[in-house]
Amino acid sequence: MDVLALIYNALIADEFITKEAAGRIKYYEYPESGEVDKPYIIIDPLDVPKPTDFADDTWLTYDCLYQIEVWTKNRATTVTLGEKVHNVLWKLGFRQTGGLSQYDSGIFRDARRFSGKLYREDFDTIAVSLNKEE
């Protein structure tokens, strides 16, 4: 399961986020502070997806932990984009578990951590395979 792509696609599907940060929503890539002339959003996995929730010795879900950061030169824009990111991740089933708000060298930064469980995409295929073995 490509969770980074899932989050990225959900973010760019939001009209406001796309209008403000089109072309500047990145995985892992942090801009230099001098490059932040327009808003940036950075998706950063904090851990690999972990198998969780077991039934009949088969894991059912991925437990995921991501940090999404918004960097802008305008505090109000940073806050609004941070809230929009929160709403998008909420719809995906992620819950905010922490974060921080910083100001440094003219850049406002909203960094929020989200955790969530996602069901395996291949679960139906595995269940059919297991039943055939019986």
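Student: In this predicted model, which residues of helix 3 are buried?
Tutor: A residue counts as buried when its relative accessible area is under 20%. In helix 3, that group consists of Thr77, Thr78, Leu81, Gly82, Val85, Val88 and Leu89.

Student: Which exposed residues does the face of helix 3 turned away from the buried side carry?
Tutor: The buried side is covered by elements that include helix 1 (3-13), helix 2 (15-21), strand 2 (40-45), strand 4, strand 5 (94-104) and strand 6 (107-119). On the face turned away from that side, the exposed residues are Arg75 and Lys91.

Student: How far does helix 3 reach from its first C-alpha to its last?
Tutor: Helix 3 spans residues 75-91 and has 17 residues. At 1.5 Å a residue, 24 Å is expected. The reach in the model is close to that, at 25 Å.

Student: Is Glu69 buried or exposed?
Tutor: Glu69 belongs to strand 4 (residues 58-72). Its relative accessibility is 2%, and the cut-off is under 20%. Glu69 therefore counts as buried.

Student: With which side chain does the side chain of Glu69 make a polar contact?
Tutor: Beyond its neighbours within four places in sequence, Glu69 is in contact with several residues, including Tyr40, Arg109 and Asp110. The polar contact, at 3.1 Å, joins the side chain of Glu69 to that of Tyr30.

Technical notes: Residues numbered from 1 in each chain as written. Predicted model: local features only at pLDDT ≥ 70, side-chain atom pairs only at ≥ 80, totals over all residues. Heavy atoms only, no water. Helix = DSSP H or I, 4+ residues; strand = E, 2+ residues; numbered from the N terminus. Buried < 20%, exposed > 50% of the residue type's maximum accessible area, 1.4 Å probe, protein only. Polar contact = N/O pair within 3.5 Å; in protein donor to acceptor, adjacent residues only side chain to side chain. Contact = heavy atoms within 4.5 Å. Expected span 1.5 Å × (residues − 1).
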